[in-house]
Amino acid sequence: MKRLFIVLALPAMLLACKKDNVNENVYKGSDATVYHGKAWSWVKLAENGAPQQLSLTIDDAALNTVTHGNEGPHSHENNIIVPLHDKAKQATPFEFIMLNWNPAGHEPSGIYDLPHFDIHFYTTSLSDVMAYTDQAKLNTDPAPAYLPANHVGGAPVPTMGKHWIDVTSPELGGQVPFTQTFIYGSYNGDIVFYEPMITLDFLKNTAAFERTLPVPQKFKVSGYYPTKMLVIRKSGTVNIILDGFVYRQAS
């Protein structure tokens with residue numbers, strides 16, 4: 001069972017409902033401590049309340065200190081919970097972000113063994129995720145229509161879920177070194193997280209990046225789902241943004 005460092009002070013939680021002073025349609029979640037820096041989420045809404053962007057923001061103080069004293073393999077103590085503003089939970093399918101720091105990467109060797117972040121945008125609650133321990137449910141796969149094409153499942157991870165990766169991702173074929181990829185996660189036959197996986201070097205040195213996300217044919221729950229991912233550096237921070245939200249009808 002992994003242990004989570006949930007760094008949420010009461011005063012910060014009281015600010016979770018605070019609206020961004022610059023943009024009246026941007027709502028920021030409370031801060032989480034990441035080594036000697038911090039991370040937070042924000043959501044940008046259209047005038048009709050539909051989501052336009054959902055972001056995890058990490059400041060440079062965090063990016064510049066994450067490896068200190070953590071040069072070994074991934075430890076579940078490097079998992080940090082980043083809350084979403086209530087407006088984000090109302091407008092999108094997502095409930096919270098689990099930010100995982102991997103100082104030496106992880107398997108498979110030679111591909112993902114670079115320092116990187118796993119950024120899980122969960123569609124279920126933290127208490128639900130901590131109960132993802134039933135091996136049969138971890139191994140119960142979604143029906144193919146609820147997964148994007150060309151996705152295969154890896155070994156399931158208790159208190160996280162089963163990871164599904166696009167076998168056409170260029171880093172898997174040795175076409176390019178791993179810098180970023182996008183993964184889906186499941187539990188008991190349901191999609192429970194969307195996961196950008198991005199190297200520290202890419203986050204520190206990329207000014208702007210955009211990619212299209214693979215999307216499934218069907219969705220079990222009606223709502224707005226992202227179709228793009230952006231990485232944008234701005235004012236001493238990096239923003240990992242789910243973008244291009246499209247309304248999907250449950251089927």
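1. Strand 8 and strand 9 (residues 162-166) are joined by 3 bridges and run in the antiparallel sense; strands here are DSSP runs of E with at least two residues, helices are runs of H or I with at least four residues, and both are numbered from the N terminus. Two strands are said to pair if DSSP finds at least two bridges between them.

2. Please keep in mind that this is a predicted model, in which local features need pLDDT of at least 70 and side-chain atom pairs count only at pLDDT 80 or more, while totals for chains, interfaces and linings use all residues. Residues are numbered from 1 along each chain as its sequence is written, and side-chain values use heavy atoms, with hydrogens and water left out.

3. The protein has 6 helices and 16 strands, and 7 strands form an open sheet with antiparallel pairing, in the order 5-6-7-11-10-9-8. Strand 5 (79-83) and strand 8 (151-153) stand at its edges with a single partner strand each, so one side of each has no neighbour in the sheet.

4. Why is strand 11 (residues 190-199) described as largely enclosed by the rest of the structure? The description holds because 8 of its 10 residues are buried, where buried means under 20% relative accessible area, exposed means over 50% and partly exposed lies in between, with a 1.4 Å probe and protein chains only.

5. Strand 11 is joined to strand 7 (residues 116-122) by 5 bridges, and the two run antiparallel; here F121 stands opposite Y194. Strand 11 also pairs with strand 10 (residues 180-187) in the antiparallel sense, over 8 bridges, and in this pair S186 stands opposite I191. Strand 10 and strand 11 form a hairpin with 2 residues between them, and N188 in the turn has a positive phi of about 55°.

6. For the protein as a whole, buried residues make up 50% of the 251 residues.
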